[in-house]
Amino acid sequence: MQDLHTVLLLIALQQGLCAVSWWVGGWRLGLSRVVSAHWMGGALATAAGLVLILERGHWPGFLTVVVANLAIMVAFVAMRRGVQIFLHLPSTDREHALLIGADALLMVGLLVDPRFAPVTVVGASVPIAWTLLRSAVESHAALKREGSIATARVVATPLALLGGLFALRAVLGVVAPQVAARPLHEANAFNLAVVLAFMLVGLLLNMVLALMVVGRLISRLQHLSERDALTGLLNRRALAPLLQREAGRLRRYDESYALLMIDVDHFKSINDRHGHAAGDAALVRLAQLLREAAREVDSVARVGGEEFCVLLPHCDPDGALQLAQRVNSRVREADWDAFGEPITVSIGLAVAQTPGEAPPAVLERADRALYRAKHAGRDRVELAEPPPAAPGGMALA
């Protein structure tokens with residue numbers, strides 16, 4: 001008896017500390033206050049529910065039975081809703097209201113007639129199990145869509161374990177009600193095992209939620225480090241590994257790729273005549289046009305002040321030239337009235353077809369082609385010369 005009460009008290013203290021940590025996260029460390037408030041509220045509700053359970057026989061039954069169980073149910077609902085907000089998932093408030101309402105009816109029934117205790121224990125475990133298992137499925141699917149497969153598994157596992165624990169309690173409560181369908185404050189081996197597992201998995205769950213927050217922060221920082229702040233396109237740093245990837249495909253599978261180096265014609269005059277704000281707006285508009293003209297598999301990057309690059313995977317010379325000409329004509333025909341003058345671009349195109357040619361060499365050929373386009377009158381596409389061949393017919397890298 002004393003061991004069970006000690007474990008319940010430890011869980012209540014543990015959840016209180018978790019509540020403090022979520023308060024620090026939301027009000028001191030910059031985590032969304034709405035999310036941290038949900039998780040802090042869930043931890044506090046769990047602690048409050050367990051403290052009330054410990055006082056059964058000393059405090060009124062309404063508090064220690066109805067309010068205590070509702071507090072624990074609300075705790076899991078708050079946890080799930082916080083996950084939904086954090087992962088931008090649709091809310092399920094109606095479902096939550098039905099689950100809490102059903103739990104309240106069961107608890108009132110138990111208060112009216114204690115003979116319903118086994119039915120109440122089983123019935124109260126089902127909505128908790130449902131909430132946790134649904135949260136596991138939702139979070140796993142959402143994080144997997146983001147590409148965070150490992151994080152998806154780590155986050156979903158403790159949710160599924162805790163949900164499975166309550167589901168097992170419900171099943172065993174039907175099969176062996178004299179053992180598994182006893183109120184949590186009653187001391188027996190099964191209840192002690194349940195609260196020990198609850199303590200361990202509950203701690204793990206809060207740690208995993210914190211890990212999910214840290215993982216999202218790291219992903220956001222990585223995204224910012226690879227994006228141009230003005231246009232939202234990839235930057236030069238992010239383009240480098242993509243070029244290496246395409247060079248590897250060229251070596252292994254003989255899949256050619258192409259590069260477009262794009263420069264805005266007379267961009268300095270736009271800044272001089274209309275100001276740098278207008279110049280920035282023109283670059284943002286141009287970035288939008290490049291994204292629209294490119295294929296879904298292409299990567300568009302801003303690599304300099306008014307210089308852009310488009311990487312075209314598995315693209316032959318004819319296809320690359322058609323896309324380059326499409327970009328050139330779309331920019332020329334776009335509505336630039338807001339800037340007081342038309343804007344055009346010059347494009348240098350290089351196609352990598354020789355496995356021995358390194359990405360810097362392809363970039364250099366595209367740059368030289370861009371230079372020729374500038375000196376040939378601008379507003380045009382120039383195709384780069386093929387790489388020089390080494391003795392024996394091998395291209396120089």
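Trainee: At what angle do helix H3 and helix H4 pack, and how far apart are their axes?
Mentor: In this predicted model, helix H3 (residues 61-86) packs with helix H4 (residues 93-112) at an angle of about 165°, and their axes are 9 Å apart. That makes H3 roughly antiparallel to H4, where angles under 35 degrees count as roughly parallel, over 145 as roughly antiparallel, 65 to 115 as roughly perpendicular and the rest as oblique. Helices here are DSSP runs of H or I with at least four residues, strands are runs of E with at least two, and both are numbered from the N terminus. The axes are lines fitted to C-alpha atoms, for helices over the stretch in contact, and angles run from 0 to 180 degrees between N-to-C directions.

Trainee: Which hand does the crossing of H3 and H4 have, right or left?
Mentor: H3 passes H4 in a right-handed crossing. A crossing is left-handed if the near helix is turned anticlockwise from the far one by less than a right angle, and right-handed if clockwise.

Trainee: Which residues meet there?
Mentor: From H3, the residues include Phe-62, Val-65, Leu-70 and Met-73, and H4 brings residues including His-96, Leu-99, Ile-100 and Leu-111. Contact means heavy atoms within 4.5 Å. By class, the contact of H3 with H4 has 14 nonpolar, four polar and five charged residues. Ala, Val, Leu, Ile, Met, Phe, Trp, Tyr, Cys and Pro count as nonpolar, Asp, Glu, Lys and Arg as charged, and the others, Gly among them, as polar.

Trainee: What about the loop between H3 and H4, what is found there?
Mentor: His-88 is found in that loop. It has a positive phi of about 60° although it is not a glycine. His-88 is also exposed, with a relative accessible area of 67%; exposed means over 50%, buried under 20% and partly exposed in between, using a 1.4 Å probe and protein chains only.

Trainee: And Gly-82, is that one buried or exposed?
Mentor: Gly-82, whose place is in helix H3, is buried, with a relative accessible area of 0%. Leaving aside its neighbours within four places in sequence, Gly-82 is in contact with Val-35, His-38 and Trp-39.

Trainee: What about helix H2 and helix H8, how far apart are their axes?
Mentor: The axes of H2 (residues 33-54) and H8 (residues 189-225) are 12 Å apart, and the angle is about 170°. That makes H2 roughly antiparallel to H8. Trp-39, Thr-46 and Leu-50 of H2 make the contact with Phe-198, Leu-209, Met-212 and Val-213 of H8. By class, there are six nonpolar, one polar and no charged residues.

Trainee: Changing topic: where is Glu-246, and what is it in contact with?
Mentor: Glu-246 is found in helix H9, and it is buried, with a relative accessible area of 0%. Leaving aside its neighbours within four places in sequence, Glu-246 is in contact with Tyr-257, Leu-311, Pro-313 and His-314.

Trainee: And Arg-252, buried or exposed?
Mentor: Arg-252 lies in helix H9 too, but Arg-252 is exposed, with a relative accessible area of 56%.

Trainee: Last one: what covers the buried residues of H13?
Mentor: The cover includes helix H9 (236-253), strand E1 (257-264), strand E3 (307-312), strand E4 (345-352) and strand E5 (381-383). Among the buried residues of H13 are Val-362, Arg-365, Leu-370 and Lys-374. H13 is followed by Gly-377, whose phi is positive, near 120°.

Methods. Residues are numbered from 1 along each chain as its sequence is written. This is a predicted model: local features need pLDDT of at least 70, side-chain atom pairs count only at pLDDT 80 or more; totals for chains, interfaces and linings use all residues. Side-chain values use heavy atoms; hydrogens and water are left out.
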